[in-house]
Amino acid sequence: MRSRYAAMLSIVCSRRIAVSAFQAVGSNGRIHESSKSIATTSSRLFGENGRSSAAVADKDLLSKTGSEKNNRAKVALDTNPPKGTRDFYPPDMRLRTWLFNQWRDVAALYGFSEYDAPVLESESLYTRKAGEEVTQQLYNFVDKGDRAVALRPEMTPSLARMVMAKKGGLNLPLKWFSIPQCWRYERMTRGRRREHFQWNMDIWGVNGIEAEAELLSAMVTFFKNVGLTSEDVGIKLNSRGVIGEVLTELGVPEEKFAATCVLVDKLEKVPIAAIQGELEELGLETSTIEKLTDVLTNTSIESISAVLPKDSVAVKELTQLFELCKAYGIEDWVMFDASVVRGLAYYTGVVFEAFDRKGVLRAIAGGGRYDKLLETFGGDPTPAAGFGFGDAVIVELLKERDVLPTFEGSGYDTVVFAMNSDLYGVAINVASTLRAEGQSVDLILEAKKTKWVFKHASRNEAKHCVIVAGNEYENGEVSIKDLSIGEQKTVKIDALSDWAKDVSQK
């Protein structure tokens, strides 16, 4: 069969070479130089007896015929994550898990239920109001179905969409929380990235200021739980109602209130000249904004009352809120500051912002009342209030105050290792017994020296090290070293469950 195949291949190739040779002859009957190449190729391909393999005849054939793409030099991989994003190595994940658990614990204390939504949403969910900074910071694109979509920059619109989807089928009031990852293409500073996780707490269906007071109390409880005091963090309170009443006195129509608040919020970052064009689009005079900013320098209820109508609803509401904060025992944490307006157009009432009292870091958290958000999506008016609390700034603050726990070690309960390979099966049984009692156990999977094992256990902040050795095993025992005090003792293998229960209670 092989000889027949070789013969057929020889005939086919000979015919192709003959044709090529014929084509290589010029009009003058002379053979072109290319024909000599063809003859040489024929000789190489078949050899003198016409039976040699091309692969054998030319050992470099693969490299010569490989594609240009495969032959190009390999480009080194950029090991950095995209700008503004983060990798989470195990210590980073332990920190993140710790922080999320702190948030979840507080939410549970206050009777909130957790929810979630897709990170990818319709772009229209976030472009409800022109002028909002968030609309300029979207990670947005048109997908393969020709739909305009965006990575969520905040969670509240998704929550509103979910509430609307139930068409009144949800029992109010709602107390929901979430910890979404949010995306904004913005300028990066300390504590500000282009992606971050954010603790959201929202209450829907409560008209009164009691909702804001409950949210503020939950926020303060978190601060206390992680080791911060009212000397570290303060919370500025204000009301969009204050701004609305001032704008009414200045002759600004109500439909321009929200857009004006967005512009006023920008003044914290840019001079008034930088927003001159936007002011003109709203039909506002520079003098109007200057008068408004003068009013917003007030830092007490008494001083703001002097420039507002005597029957000011906003002042009455804020006064009640401060009384409730006193009832919660958080009066040392809160203060009035008329300059706090928040940059989102959907806020309608009380707004608040947690800040670093030393002024080193940007806003830690913020929120307020947004009773008309559902209306902007075509839904029914529904009272709502909530806050967003990013992960980046609070971690920086905890580092700044030196109260952030260390997360370098894995924190195993126990490391188990066998002194020799014959005892590895015993070590598996020991590890399985301890895991059944709820211990986190790191079983050493390969042969290691004892010195390495103890160093590994110490590096990972393990509490105990169980040594399966020949002499002890013959007596039905293992050695257990308490790494916190350096003491070592033997324990019967049959009594390991009881030992695990005992140490878990200490």
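Are E212 and R369 buried or exposed? Both E212 and R369 are buried, where buried means under 20% relative accessible area, exposed means over 50% and partly exposed lies in between, with a 1.4 Å probe and protein chains only.

Before I go on, this is a predicted model, in which local features need pLDDT of at least 70 and side-chain atom pairs count only at pLDDT 80 or more, while totals for chains, interfaces and linings use all residues. Residues are numbered from 1 along each chain as its sequence is written, and side-chain values use heavy atoms, with hydrogens and water left out.

The structure holds 15 salt bridges, a salt bridge being a side-chain nitrogen of Lys or Arg within 4 Å of a carboxyl oxygen of Asp or Glu. One of them joins E212 to R369, with the closest N and O atoms 2.7 Å apart, and this pair links distant parts of the chain, since E212 sits in helix α8 (residues 210–225) and R369 in strand β11 (residues 365–369), 157 residues apart. Here helices (H or I, at least four residues) and strands (E, at least two) are DSSP runs, numbered from the N terminus.

A salt bridge also forms between the side chains of D356 and R401, at 2.5 Å from N to O; D356 lies in strand β10 and R401 in the loop between α16 and β13, 45 residues apart, and both residues are buried.

In the salt bridge of R161 with E121, at 2.8 Å from N to O, R161 counts as partly exposed because its relative accessibility is 31%, whereas E121, at 7%, counts as buried.

Lastly, R86, E195 and D391 are linked in a network of salt bridges.
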